[in-house]
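My notes follow, in the order I looked things up.

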Amino acid sequence: MTFRFIHTADMHLDSPLRTLALKNEALADLVSSSSRDALEKIVQTSIERKVDAVLVAGDLFDGEVRSMKTAAFVSKQMRNLNAAGIRVFMIKGNHDAESKIATQIPMPDNVHIFSGRSATRRIEYADVAVHGVSFPGKLVSESLLPRFPQPVEGCFNIGILHTSIGGSAGHDTYAPCSEHELIAFEYDYWALGHIHKRSVINENPHIVMPGIPQGRDIGESGPKSATLVEVSNGKVNLEEIATAKAEFASVRVNATGIDSWDNLLEALSEALAAANGNSKAPNLVARIAVVGRCPIHWRIRHSKEILKEHLEGKVASIGGVWIEQIDIETTPDTPGQAGADPIDELLGHMRELSSDASLRKRAREEWESLLKQLPRETRADWGGMPPGDVDDLLERLIVEGGEDIAASLRPERIEQ
């Protein structure tokens with residue numbers, strides 16, 4: 001008999017916007033609602049593909065989100081699955097464990113949320129056993145594997161686990177375990193969650209991390225999906241189901257030799273059109289880096305906001321393309337010599353100052369003062385940066401500040 005299920009995790013419904021510099025309200029609305037759209041897409045696909053079950057491997061919610069509108073939305077999606085005869089098996093991840101609304105949602109009978117204790121649910125008609133263990137609290141530093149039951153003989157055994165398997169940069173170490181330990185458990189499929197990048201860790205048995213179904217910022221760029229699993233005669237087939245409404249992308253454009261504003265706009269719009277063509281989502285949110293030795297470096301540096309406005313107007317006809325920001329990483333094609341030009345000399349001094357110990361100390365003090373004035377969510381993001389990364393950021397900002405000052409003092413180059 002064939003058994004189909006969709007495996008997803010880490011939706012982080014209504015997660016607050018983080019590092020995205022959203023001055024465009026329409027873009028802000030698009031990104032802020034996209035996590036709900038991803039869940040709705042998963043539900044619609046489940047119904048259309050007539051799956052037997054949906055597995056959610058933790059972090060359906062995002063920490064301290066308290067919106068009862070979110071609760072009502074989730075309840076409606078679960079009822080839609082119930083009406084289609086689709087069962088839902090869900091565990092709580094570290095973010096769910098701190099959610100205030102997760103326990104207040106009225107769920108229909110088709111939804112089973114595993115507790116922090118060992119549990120198994122049988123799907124008798126398909127000889128499938130689903131095992132799951134939820135996070136009992138936000139911080140789980142020990143492995144949860146000892147809490148899982150042994151596989152049920154004669155069944156296709158599925159384990160649902162939220163884990164930082166093997167560790168991953170950018171993710172806290174929660175419920176750690178190894179690939180070897182999962183294989184030794186002798187389940188047929190491990191439905192994992194927590195790491196936001198999709199990966200098929202092993203194929204016999206299948207150990208799958210589906211990744212986040214909707215990226216939230218440029219750090220979660222690229223296509224996002226859920227995993228459709230078909231089990232037939234003991235064989236497992238995986239299929240990626242695109243789920244993101246908006247796909248983040250880093251777009252690098254080499255401006256070496258480009259000597260006019262119009263030619264630069266043309267190169268940027270072509271790069272955006274190509275990135276949009278490769279996107280699997282209906283919307284592309286791009287962060288552009290302009291690089292290379294460029295004759296109009298100073299004009300670009302001085303007028304990057306104007307460049308962004310002009311580019312937005314040029315790509316408006318493409319549809320579904322949004323520009324988050326433009327980073328200027330070009331250099332002059334004829335760099336000045338120290339002492340030959342007072343502006344070049346000033347720029348040279350600014351670059352030297354970036355490594356001055358007293359200035360770096362003052363910059364760090366200003367950084368700490370600024371952090372205290374930020375909203376709590378933003379402060380948590382920026383305040384959690386490693387000290388070395390903060391130092392690198394401050395040094396880069398000092399250098400870029402010098403570049404901006406130099407650009408503003410070069411009217412003859414700005415107007416060319």
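I started with how α5 and α7 cross, and the crossing is right-handed (left-handed would be the near helix turned anticlockwise from the far one by less than a right angle, right-handed is clockwise). This is a predicted model, where local features need pLDDT of at least 70 and side-chain atom pairs count only at pLDDT 80 or more, while totals for chains, interfaces and linings use all residues. Residues are numbered from 1 along each chain as its sequence is written, and side-chain values use heavy atoms, with hydrogens and water left out.

Helix α5 covers residues 261-278 and helix α7 residues 304-315; they pack at about 55 degrees with axes 10 Å apart. Helices here are DSSP runs (H or I, at least four residues), strands likewise (E, at least two), numbered from the N terminus. Axes are lines fitted to C-alpha atoms, for helices over the stretch in contact, and angles run from 0 to 180 degrees between N-to-C directions. The pair is therefore oblique (under 35 degrees is roughly parallel, over 145 roughly antiparallel, 65 to 115 roughly perpendicular, the rest oblique).

Next I checked who touches whom (contact means heavy atoms within 4.5 Å). On the α5 side I found Trp261 and Leu272 among the residues, and on the α7 side Ile306 and His310 are included. The residues of this contact divide into nine nonpolar, two polar and two charged (Ala, Val, Leu, Ile, Met, Phe, Trp, Tyr, Cys and Pro are nonpolar, Asp, Glu, Lys and Arg charged, the others, Gly among them, polar).

Then I moved to α9 (357-373) and α11 (387-408), whose axes come within 10 Å and cross at roughly 105 degrees. That makes them roughly perpendicular. Trp367 of α9 and Ile398 of α11 are among the residues in contact.

Is serine 225 buried or exposed? I got 4% relative accessibility, so serine 225 is buried (buried is under 20% relative accessible area, exposed over 50%, partly exposed in between, with a 1.4 Å probe and protein chains only). Serine 225 sits in strand β11. Glutamate 240 is 15 residues away in sequence, yet 6.0 Å away C-alpha to C-alpha.

Most residues other than glycine have a negative phi, and most peptide bonds are trans. I noted a cis bond between asparagine 204 and proline 205, omega about 5 degrees. Lysine 50 has a positive phi of about 55 degrees, and at 65% relative accessibility it counts as exposed.
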